[in-house]
Amino acid sequence: MKEEAQLQELVDAGLISGTQAEDIRQYWASKPSYGSQRLLVVFSLLGALLVGLGIILVVAHNWDDLGRLTKTTFAFIPMLLGQAAVWYTLKRKPDSAAWREGSGVFLLLAVGACLAMVSQIYHLDGELHEFLLTWLWLALPIMYVVNSNLASLFFIAGATWYATDVAYSYPGATPWLYWLFMLLALPYYLRLRNQRPGSNAQVFHDWFWPVSLLICLGTFSNDLPAYMWLAYHLFLIASYILGKYLLQQQKRILSNGWLVVGLLGTIGMLLMQSFRDLWIEIPESWTNTMFLEQEFVLFILLQLLLLGMLLLLYRKQDLDWLRNPLCYLGIFIFAYYGLGWSDDVLGAVAANLLLLGIGIYHILLGTKRDHLGIVNFGLLIVTLQIVCRFFDTDLSFAVRGLLFLLLGAGFFAANSYLIRQRKQREI
């Protein structure tokens with residue numbers, strides 16, 4: 001009851017009257033808490049799922065004894081109930097997040113169940129991606145009509161499922177419609193960021209979007225796997241720059257999915273490329289027709305996108321990126337891969353130097369901001385780099401042990417230094 005004690009302190013100090021204090025208490029009592037709203041959303045979603053499952057189980061118990069017309073009627077009942085729930089939400093509960101999320105998700109799932117049941121009843125032939133494609137077209141308006149964040153997340157997940165089924169199953173094909181679906185879902189995401197910045201819905205979308213794009217980027221690979229390495233690297237760097245500099249930053253780093261996916265993905269790729277064997281195994285896809293292949297076009301588009309982002313930062317007078325080695329990797333990435341393709345030793349050396357630079361950058365950045373987490377993250381990058389070198393070098397156990405002792409001392413010294421600095425400022 002911290003608020004009550006503070007309110008009583010204001011009354012005792014004569015800053016507000018007892019009547020005003022009582023009015024404030026009544027206002028607090030009538031104002032719904034964010035925790036209760038989130039709980040209502042969770043329970044409404046669970047209720048929608050349970051109702052749908054209940055209908056399916058009841059019908060499934062006597063399914064074989066029902067006629068085709070009766071089966072079709074039962075197939076459409078959940079969807080009609082979902083439409084009724086959406087209509088009620090829009091007319092009676094437009095401001096209720098629980099009703100919007102519950103009715104939106106129920107209708108979205110009911111549409112998919114109806115499609116599946118009708119296909120089974122009439123023995124309609126088709127592939128999984130064809131079913132998903134129809135479902136996505138029918139589910140697209142739901143998130144806009146009901147303003148449902150969960151429906152938007154389900155739609156992104158469904159588009160990702162569709163793209164992977166088209167491309168990663170035999171025979172694979174390029175899922176061009178995936179980009180159309182994501183483009184159609186983009187206005188909802190942008191509106192969410194503008195209207196509810198920092199909300200849990202935005203945090204989930206900030207994770208779903210980069211993860212979905214990262215998964216589906218590989219669906220455009222054909223005959224130039226070397227250029228897909230370039231495309232993945234550029235996408236991860238662009239995701240990092242977007243999350244760190246261009247989008248509104250979250251208070252917690254883990255809430256910024258664009259930044260975390262881009263940073264960890266880039267470091268992971270550099271760690272793999274710090275081994276010579278990887279540069280030997282990456283095929284050199286230098287052919288006369290490489291400029292016409294879709295991997296090369298994807299690489300060019302991502303390179304132009306990244307350069308455009310950096311140019312935008314430069315015009316905004318935001319020059320912090322000039323001290324970030326990841327940004328320079330994005331600019332000179334073709335030269336970096338050119339070194340690796342020409343000589344595997346040069347590629348491994350370049351990757352190790354980049355990792356060392358990224359680690360030092362985060363150590364200095366964490367020291368400047370007095371942030372122990374960023375300092376330790378930079379030290380962790382250097383540690384992982386040294387651990388990787390143990391697998392492709394012939395260092396003795398004594399030298400390896402000495403390196404680990406130095407790293408441990410570095411962790412201790414950096415943390416102790418920042419803690420002492422904080423204590424001195426407090427004094």
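Modeller: A search of the whole structure turns up two salt bridges. A salt bridge here is a side-chain nitrogen of Lys or Arg within 4 Å of a carboxyl oxygen of Asp or Glu. A word on the ground rules: this is a predicted model, where local features need pLDDT of at least 70, side-chain atom pairs count only at pLDDT 80 or more, and totals for chains, interfaces and linings use all residues. Residues are numbered from 1 along each chain as its sequence is written, and side-chain values use heavy atoms, with hydrogens and water left out.

Take the pair Arg193 and Asp206. Their side chains meet in a salt bridge at 2.8 Å, N to O. Arg193 belongs to helix H8 (residues 176–195) and Asp206 to helix H9 (residues 200–217), so the bridge ties together parts that are 13 residues apart in sequence. Helices (H or I, at least four residues) and strands (E, at least two) are DSSP runs, numbered from the N terminus. Arg193 is buried, at a relative accessible area of 10%. Asp206 is buried too, at 2%. Buried means under 20% relative accessible area, exposed means over 50%, and partly exposed lies in between, with a 1.4 Å probe and protein chains only.

Now the pair Arg276 and Asp344. Here, too, the side chains meet at 2.8 Å, N to O. This pair links distant parts of the chain: Arg276 sits in helix H12 (residues 276–281) and Asp344 in helix H16 (residues 344–369), 68 residues apart. Arg276 is partly exposed, with a relative accessible area of 44%. The Asp344 side chain also makes a polar contact with the side chain of Arg276, at 2.8 Å. A polar contact is a pair of N or O atoms within 3.5 Å; within protein, one must be able to donate a hydrogen and the other to accept it, and residues adjacent in sequence count only if both atoms are side-chain atoms. Setting aside neighbours within four places in sequence, Asp344 is in contact with Arg276, Trp279 and Ile280. Contact means heavy atoms within 4.5 Å.

Trp279 leads on to Tyr337. Tyr337 touches Trp279, and also Trp229, Leu230, His233, Met269 and Gln273, not counting residues up to four places away in sequence. Tyr337 lies in helix H15 (residues 333–342). Tyr337 is buried, at a relative accessible area of 0%. Its C-alpha atom is separated by 9.1 Å from that of Trp229, 108 residues away along the chain.

Tyr337 is also part of the largest nonpolar core. Of its 87 residues, Trp209, Ile241, Ile333, Tyr336 and Tyr337 touch the most other members. Helix H10 (residues 225–246) gives the most to this core, with twelve residues. Such a core is a set of buried Ala, Val, Leu, Ile, Met, Phe, Trp, Tyr and Cys residues joined through side-chain atoms within 4.5 Å.

Asn256 is buried, at 6% relative accessible area. A polar atom of its side chain lies 2.8 Å from the backbone oxygen of Gly243.

Back to H16, the helix of Asp344. Ile358 also has its place in H16. At 1% relative accessibility, Ile358 counts as buried. Beyond its neighbours within four places in sequence, Ile358 is in contact with Leu270, Pro325, Leu326 and Ile381. The C-alpha atoms of Ile358 and Ile267 are separated by 8.6 Å, although the two residues are 91 apart along the chain.

Last, the whole protein. It has 18 helices and zero strands. Buried residues make up 44% of its 427 residues. Among contacts with a separation of 6 or more, 71% join residues 24 or more positions apart. The accessible surface comes to about 23800 Å², and 67% of that belongs to carbon and sulfur atoms. Accessible areas come from the Shrake-Rupley method with a 1.4 Å probe; for residues, only the protein chains shown count as cover.
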